[in-house]
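Please read it alongside the structure shown below.

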Amino acid sequence: MAALDIQGLEKTYANGFTAVAGLDLKIGKGELVSLLGPSGCGKTTTLRMVAGFIDPTAGRITIEGREVTHLPAHARDTGMVFQSYALFPHMSVAQNVAFGLEMRKVGRAEREARTVEALKRVQLDHLAERYPRQLSGGQQQRVALARALVVNPAVFLLDEPLSNLDAKLRGEVRSEIRALQQALGLTTLMVTHDQEEALTMSDRLVVMEGGRVRQAGTAEDLYERPADAFVANFVGRSNLIRGRLAEGAFEAASGTRLACVPGGAGTGPLVFALRPERIGLSVGDDATGEPAVLKEILYLGAQTEYVVALGAERLTVIRPTPAAGDPLHAARPGDGVRARWTPEHVRLLPDT
Amino acid sequence: MSPGRLLYRGGIIAAYVLMLAPVAALVAISFFRDEIVSFPPSGFTLHWYANGFARSEFMSGFIVSAKVAVLACLIGVPAGTAAALGIARSNLPFKGAFTTFMLSPLIVPGIVAGTALYLTFLMAQNRLDMDITGTLGGLVAAHVLLAIPWTVRVVTASLQGLDGAVEEAAANLGARPWQVFWRVTLPMLRPGIVAAVMFSFIQSFENLELTLLLVGPGMSTLPIEMINYLEFRMDPTLAAVATVQVVLIAALMLITDRFVKLSRVV
């Protein structure tokens, strides 16, 4: 039995706008699943329907065997961390954390013990008497975490939990949340538009667009085997080129031919998808691969991004920055280079 | 200092002088010995304060004013808060029109509203065969009209600044709708409500125009008693009474400020 089971979930508003159009999702006990997609894809609406803030138009939501589809939010036993943290400004940190226990009529002694324990877990027990406005963003975030965790919710809900933190803190909090979630075996549904966040934290990801699931799977599934061009471009970056198969190779609409493994892709319109880091570049007379012309060089520190023209097509290539002495290090825009890739790394996706 | 900055400072000082000079003059005059105010005074005295306290009409006026203001706040502020919640939270049709209606006592000149109330009260008196004008109930009913628009305005502003997610967080933690209201919504509105009480109290306490026709024998407010006194005498007793009033209201504001930073809500 899935800890959180969503079947055929739909939300259509009175003005006819469909935010979520038939979503199925099962989350196992202790699993962290991310809903990932651009804004307006329906991920937040889905989360809010699970929390009970939006009433679904159709479908079923079951939490640990109990149907909650139309129950009010306070009767659902979910623990949510809000994007804005939504701490109670008129209550101290300890009062914020104890609130859920109070609502569950937990006795005073146990309430205090569990509040302290929850605050210790997020290393904030020394700030229990402070008020939210006296805390930094990262500390407020941890209070919100402790407040949601202290009640042992059946489902833990995270709404863009890191979007209000600065980049450096984000990485830290990311692993902290993941460690807590795993240590406590929390069944978690997270919403994010940040693919890095989703890739690093989740057991499984669900890529959504236009209220529908585009693809669900592990980070590796989505990255290595994207189901369509949308996923290929939303999760990581891809060179996407439209065309069709001709004589055992891919022929772009411009006529440029690119190596691939045709497999059973058929003769219909296709999208050629290739990750920028799967393309090798070399310079010199003994270099092998397709002749190409270097157009742009973007130095990113550890990596360098190149744009090369191959026939009429442009490909983005990402390589570890070459050391001084490497012929590529001296290459300049306008120089001739050779681009090569393993044909098996090319994905031929349906052109929709 | 640059000329711009100098001008800026000068402007601020001028504004304060303009606002505070009449008050300072009032306080000074209340100590002048001469019955007909003249400058420079021939000496100083506390006689006018003694006179103010000794005259029963000022004492009774003060008590009536305080009673009316407290009762008007007790009725008007909860009513105005409820109206503000309704305006901000519901999808009622004609919300805009309703809001304007709630604020209309601020727009109608007090003397016009007072006359309208007086005529309405007279008609009601004839129908119901009971006194309304010249009673405490009649005055409170009128002053509730002063409290409601101020409350609606101030509380609506606080509601707009309130993050709805905080209430959702409470519900998510198991709070039922009434618990969300009492434990979260109301405490978050507290600064706004305190400000509403203060505005309403002061508006009621110092109101003259709306009240003018509604008072009766033995049931008159302090500002009206002051006007009555002024009709026959022009000695500094009024300055003394007004000074006491200024001190009381300033004390009220300072005490309120201890609980809610007024600068955050006004």
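A residue counts as buried when its relative accessible area is under 20%, as exposed when over 50%, and as partly exposed in between. By that rule A:E305, at 12% relative accessibility, is buried. The model is predicted.

**Chain B: overall build**

- Chain B contains eleven helices and zero strands.
- Its pattern along the sequence is α-α-α-α-α-α-α-α-α-α-α.
- Along the principal axes, the C-alpha atoms of chain B fill a box of roughly 70 × 70 × 30 Å.
- Of the 266 residues in chain B, 40% are buried.
- Among contacts in chain B with a separation of 6 or more, 70% come from residues 24 or more positions apart.
- Chain B has an accessible surface of about 14800 Å², and carbon and sulfur atoms account for 71% of that surface.
- Chain B carries 16 positive and 14 negative charges, whose mean positions lie 13 Å apart.

- Helix α9 of chain B spans residues 222-232, and its buried residues are B:L222, B:P223, B:I224, B:E225, B:M226 and B:Y229.
- These buried residues pack against α2, α3 (56-89), α8 (177-205) and α10 (237-259) of chain B.
- B:V37 sits in the loop between α1 (3-29) and α2 (47-54) of chain B.
- B:V37 counts as partly exposed because its relative accessibility is 40%.
- Leaving aside residues up to four places away in sequence, B:V37 touches B:I29, B:F32 and B:P236.
- From B:V37 to B:G137 the separation is 100 residues in sequence and 39 Å in space, C-alpha to C-alpha.

**Interface of chain B and chain A**

- The size of an interface is often given as the accessible area lost when the parts come together.
- Between chain B and chain A the buried area is about 1800 Å², with 61% of it from carbon and sulfur atoms.
- B:N172, B:L173 and B:R183 supply 42% of the area that chain B buries against chain A, more than any other three residues.
- In terms of contacts, 18 residues of chain B meet 22 residues of chain A.
- Two salt bridges are found across this interface.
- A:R48 and B:E168 form a salt bridge, with their closest N and O atoms 2.5 Å apart.

- Side chains of opposite charge can pair when their charged atoms come close.
- Over all chains, the structure holds 22 salt bridges.
- A:E67 and A:R60 form a salt bridge in which the closest N and O atoms are 3.0 Å apart.
- A:E67 is partly exposed at 38% relative accessibility, and A:R60 is partly exposed at 38% as well.
- A:R214 forms a salt bridge with A:D228, the closest N and O atoms lying 2.9 Å apart.
- This pair links distant parts of the chain, 14 residues apart: A:R214 is in strand β10 (residues 212-217) of chain A, and A:D228 is in the loop between α7 (219-224) and α8 (229-234) of chain A.
- A:R214 is partly exposed, with a relative accessible area of 30%, whereas A:D228 is buried at 10% relative accessibility.
- A network of salt bridges links A:E209, A:R214 and A:D228.
- A:R237 and A:E305 meet through their side chains in a salt bridge of 3.1 Å, N to O.
- A:R237 lies in the loop between α8 and β11 (239-246) of chain A and A:E305 in strand β17 (residues 303-310) of chain A, so this pair ties together parts 68 residues apart in sequence.
- A:R237 is partly exposed at 40% relative accessibility, while A:E305 is buried at 12%.

Methods. Residues are numbered from 1 along each chain as its sequence is written. Chains are lettered from A and ligands numbered from 1 in the order in which they are written. This is a predicted model: local features need pLDDT of at least 70, side-chain atom pairs count only at pLDDT 80 or more; totals for chains, interfaces and linings use all residues. Side-chain values use heavy atoms; hydrogens and water are left out. Helices (H or I, at least four residues) and strands (E, at least two) are DSSP runs, numbered from the N terminus. Buried means under 20% relative accessible area, exposed over 50%, partly exposed in between (1.4 Å probe, protein chains only). Contact means heavy atoms within 4.5 Å. Accessible areas come from the Shrake-Rupley method with a 1.4 Å probe; for residues, only the protein chains shown count as cover. Lys and Arg count as positive and Asp and Glu as negative; His and the chain ends are not counted. The place of a charge is taken as NZ of Lys, CZ of Arg, CG of Asp or CD of Glu. Buried area is the accessible area (1.4 Å probe) that two parts lose on being put together, summed over both. A salt bridge is a side-chain nitrogen of Lys or Arg within 4 Å of a carboxyl oxygen of Asp or Glu.
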